[in-house]
Amino acid sequence: TGCWKCEREKVVYDWTWLDGIVTNLTSRGIDVWFNVGFGNKLYMGDTFGEASVGFVPIHYGEECETAWKNFCRALAAHYRGRVDRFEIWNEVNGKSFWRPKEPNASEYARLVAITAEAIRGAQPDARCGGCVMGFPQAYLNEFKSAGGHRHLDFFGLHPYDPLPEREWPNRVKWMRDLFR
């Protein structure tokens, strides 16, 4: 969803580029969901690149965290009736997407909680999900212990295995048992 691309001036949102994508996809019969990720250089001093890929808002203080929640609330409100599924962040257990700190499941649980709350504040029936890469069981156990699972309706795995289908049934069962 590119927070940085929609908010080039503080608290002024321009959805034009994203509207075009959503309209194009829905006109083709595709059911759209959003990955809500990326930081915003307006609120983060040490990111590289305009997109602030992987830079996590909760690591940058109250103003940045508030801006993140405002963006998520505005996004959900703008797309109410068109997009109702929001995956919160991407591959959070990898260093490239959890900057500038080391990946931390408890911190991810906190990001999930504040993001899901903001999204559902504007769209109460929204479905929120999470995502990791690989199959990090210890990370997922810690995420659950921190209560992150209580805010989610779905969870995605990016396995990157040579034959992911070989282990998929066991992994799905394990995930369902964990989050049940």
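This is a predicted model: local features need pLDDT of at least 70, side-chain atom pairs count only at pLDDT 80 or more; totals for chains, interfaces and linings use all residues.

Biologist: Where in the fold is Glu87 found?

Modeller: Glu87 belongs to strand E2, which covers residues 85-88.

Biologist: Which side chain of opposite charge is nearest to Glu87?

Modeller: That side chain is Arg85, 10 Å away. A salt bridge requires the charged atoms to be within 4 Å. Glu87 is buried and has no salt bridge.

Biologist: What should I know before I read backbone angles?

Modeller: Most residues other than glycine have a negative phi, and most peptide bonds are trans.

Biologist: Which residues does a cis peptide bond join here?

Modeller: The cis bond joins Arg99 and Pro100, with omega about 0 degrees. Pro100 lies in the loop between E2 and helix H4 (105-122).

Biologist: What is the phi of Val11, and is this residue buried or exposed?

Modeller: Phi of Val11 is near 60 degrees, a positive value although the residue is not glycine. Val11 sits in the loop between helix H1 (3-6) and helix H2 (16-27). Exposed means over 50% relative accessible area; Val11 counts as exposed because its relative accessibility is 55%.

Biologist: How should I read Tyr160?

Modeller: Tyr160 has a positive phi, near 55 degrees. Its place is the loop between strand E4 (154-158) and helix H6 (164-179). With a relative accessible area of 61%, Tyr160 is exposed.

How values were computed
Residues are numbered from 1 along each chain as its sequence is written. Side-chain values use heavy atoms; hydrogens and water are left out. Helices (H or I, at least four residues) and strands (E, at least two) are DSSP runs, numbered from the N terminus. Buried means under 20% relative accessible area, exposed over 50%, partly exposed in between (1.4 Å probe, protein chains only). Lys and Arg count as positive and Asp and Glu as negative; His and the chain ends are not counted.
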